[in-house]
Amino acid sequence: MSHLLEIRNLGKTFRSRKGWPWTPKSVAIEPLSFTLEAGEILAVMGETGSGKSTLAKIIGGVDTATSGEIWLNGQRLHSHNYSQLCNNVRMIFQDSENSLNAHLTIGKQLEEPLLFNTELTAAERQERVNLTLQRVGMLREHWEFYPHMLSSGQKQRVCIARAIILEPQIVVADEALVALDPSVRAQIINLMLDLQQDMGISYILVTHSPQIVKHIADKILILYRGKMIVFDKTDIVLEDTQQPYVQQLLHEHLKQNI
Amino acid sequence: MPHVNLYHHDETPSPLQLVWKSFRARFLSMAALYVLLAMILVVLLSPLLAPFNTSTQFSDAIALPPSWVESGNMQFLFGTDDLGRDMLSRLLIGGLYSLGLPILMVAVSSLIGMSIGALAGIDRTIKYQSLSRLFDTLLSIPSFLMALIIIAILGTGFNNVAFAITLSLIPQFIFVTRNAVHEEWHKDYVTASRLNGCSKAYLLYRVILPNVTPTLVMQLTVSLSVAIMDIAALSFLGLGIQAPTPEWGSMLARSLDEVYLSPWSMVLPGVTLFVTIMAINIVGDSLRRALKERVNS
């Protein structure tokens, strides 16, 4: 049986701009492997610079890996094969402010993926965009709006709408919740959970927040300086944390409360 | 039954419309824009408007002052020059070469420069990079000097001047477009569109172009005033449009000899040139100001 997403020996190295051809490349991610099943939520954690954003970007298709393979439903995923990618894997960016085009209306931007990946007519596209907008708790009137007329929470919703409009199997969210205030964050998390139940989406969440991880994640992947040191079910990781680094990541907020 | 709009409908101005709105709110910028548009209109219609042929010499009206001076003649509104040619006709037709030609040259050079610049901004392959870097080295030479060099090689004449100035304007367009496009290319919204599976043409025209339009329009106004100055300066030096053809720069040069006898033959083309360039610069400047206001708000 094939997994929904299978990462095999995925690694990323890059050369700094000032480097000479013979200077050793710096390693962002050491080769790692893991699998993700349908409907699961995987949380990727790690300190700053541990390579978790790079991992999200590679899975989301923004970056290409230097080694290793990504398999999706038993099919190899080729980088830069955007049509294969965006029907299955979608990405939500960290900064919703900059990931929306300031000069296009929300409707036009949501129409974009449909335009290039489906055969729908203009009326069908509009219907689909309206439905998706309502699904993320916005109105069909928002079609006419430009990004600068929306609040940051609404922008985040639009980004989620853009991610789910093609009904993908996996959504990669790269610290998508950091910039939001707690109440909006809770709303968005509930929205994401609702969508997961409705559509059976798997999430890969890159996050700093242990609360969110404990609340929604099925599995946890912890990176330390580009190395995968933990990958297991959430309850197992939470009960069995000997490593101080993992403990620090997962329980830091408890110490602050005392 | 007349159509009645019962419901309040909120306008949703796009960012470009917002820039236009703040541009429009300022009196000076709108005045400059209207002056510029009027100039262009008059220049385009000049063959119809000009009362006389530009080379017809009226031997009974040599160096006649403008009509508002007591010794002037209503028949020649702006007077005549030292050969008895009607100043008004010469100024009007001269506008074709002094304003119409620069607009054409800027159009051609912007088309070439922007396409190369856009390709170089998107495509980081060696082919476009080397091409745009080659033009970048030309930026070290002032555009007027470069036009002079090209004329020195090709010789004077209408075609050569037009060619030289067009060519000398291209590097600036490439530089500005490449930097603007390249800067946008790495922003998240372009990445998001790329992940939507958009084609490169769609990315360039629909996604990036609206975001760099203000920068490009600003560069257009700068280049237009440079082109007007260049062609006037070249003609003033006798390297540009040649003598019998009326051109504001060459009219200025010709009037040097008789500036004490007939000052209007120097003042009129000078003022026209001044007003044109002033209007263009104010439009460009106001555009920059309007953009800044939108970014700040």
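This is a short tour of a two-chain model, stop by stop, for you to follow in your viewer.

Before you click, know that the model is predicted: local features need pLDDT of at least 70, side-chain atom pairs count only at pLDDT 80 or more, and totals for chains, interfaces and linings use all residues. Residues are numbered from 1 along each chain as its sequence is written, while chains are lettered from A and ligands numbered from 1 in the order in which they are written.

**Stop 1: chain A as a whole**

Of the 258 residues in chain A, 39% are buried. Buried means 20 or more other C-beta atoms within 10 Å of the residue's own, exposed means 12 or fewer, and partly exposed is in between, with C-beta atoms placed from the backbone.

**Stop 2**

Now pick A:Asn9, in strand E1 (residues 5–14). This residue isn't a glycine, yet its phi is positive, about 50°. A:Asn9 is exposed, with 12 other C-beta atoms within 10 Å.

Next, jump to A:Arg225, in the loop between strand E9 (219–224) and strand E10 (227–233). A:Arg225 also has a positive phi of about 50° without being a glycine, and its 15 C-beta neighbours inside 10 Å make it partly exposed.

**Stop 3: where the chains meet**

Show both chains. The contact takes 24 residues from chain A and 17 from chain B, where two residues touch if their C-beta atoms, placed from the backbone, lie within 7 Å. On the chain B side, helices H1 (15–24), H8 (188–195) and H9 (200–236) each supply at least two residues. The largest share, six residues, comes from H8(B).

**Stop 4: along chain B**

Finish by selecting residues 96–122 of chain B: the span is 100% helix, and its end C-alpha atoms lie 37 Å apart. Then try residues 161–181 of chain B, also 100% helix, with end C-alpha atoms 31 Å apart.

Terms used: Helices (H or I, at least four residues) and strands (E, at least two) are DSSP runs, numbered from the N terminus.
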